[in-house]
Amino acid sequence: MSPRHNRPRGGENPADGPRGGLDRFGLESTEEWQGEDWKVRHVAGASSVGKRYRCPGCDQEIPSGTPHLVVWPEYGGVDDRRHWHKACWNAKDRRASKVQRSRNAPRY
């Protein structure tokens, strides 16, 4: 039996694959949203044991150890990073803004 080969054959570059080098190991990509470039990084969640984040897309908590995305403006700093559920980031253009108001408040 021959040994198993985990390397691509023929000198293929893994970044040329269907996901453009973005995989589950924390590689970054750049996406445009609201006229600005955003860095998007997949996070496995295992390194954030004990930490909880709030997703700006759905305003729900991301439990510790859950895979999610870290997103920040291309020229932003550490304070600009936000943790999103993957589905919330993918649906960010289809969702309304999450404005908190009381039940009696007017909707204008």
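Here is a friendly conversation about a predicted model of a protein chain.

Visitor: In what order do the elements of the protein chain run from the N terminus on?

Guide: Happy to start there. The secondary structure of this protein chain comes to 1 helix and 6 strands. Read from the N terminus on, the order is β-β-β-β-β-β-α.

Visitor: What share of the residues of the protein chain count as buried?

Guide: Let's begin with the surface: the protein chain exposes about 8700 Å², and carbon and sulfur atoms supply 47% of that area. The chain has 108 residues, and the share of them that counts as buried is 25%.

Visitor: How far from Cys58 is the nearest cysteine sulfur?

Guide: Cys58 is in no disulfide, and its nearest cysteine sulfur is that of Cys88. Cys88 is likewise in no disulfide, with the sulfur of Cys58 as its nearest. The distance is 3.7 Å.

Visitor: Is Cys88 buried or exposed?

Guide: The cut-off for buried is under 20% relative accessible area. Cys58, at 19% relative accessibility, counts as buried. Cys88 has a relative accessible area of 5%, so Cys88 is buried.

Visitor: Where is the place of His83?

Guide: His83 has a relative accessible area of 17%, so this residue is buried. Its place in the chain is within residues 82-84, which form strand S6.

Visitor: Which side chain does a polar contact of 2.9 Å join to that of His83?

Guide: Leaving out residues up to four places away in sequence, His83 touches Tyr53, Arg54, Cys55, Pro56, Ile62, His68, Leu69 and Val70. Among them, the partner whose side chain is joined to that of His83 by a polar contact of 2.9 Å is His68.

Visitor: What share of contacts between residues at least 6 apart in sequence join residues at least 24 apart?

Guide: Here the view widens from His83 to the protein chain. Among its contacts between residues at least 6 apart in sequence, the share that joins residues at least 24 apart is 42%.

Key. Residues numbered from 1 in each chain as written. Predicted model: local features only at pLDDT ≥ 70, side-chain atom pairs only at ≥ 80, totals over all residues. Heavy atoms only, no water. Helix = DSSP H or I, 4+ residues; strand = E, 2+ residues; numbered from the N terminus. Buried < 20%, exposed > 50% of the residue type's maximum accessible area, 1.4 Å probe, protein only. Polar contact = N/O pair within 3.5 Å; in protein donor to acceptor, adjacent residues only side chain to side chain. Contact = heavy atoms within 4.5 Å. Disulfide = S-S within 2.5 Å. Areas by Shrake-Rupley, 256 points an atom, 1.4 Å probe, with all protein chains shown as cover.
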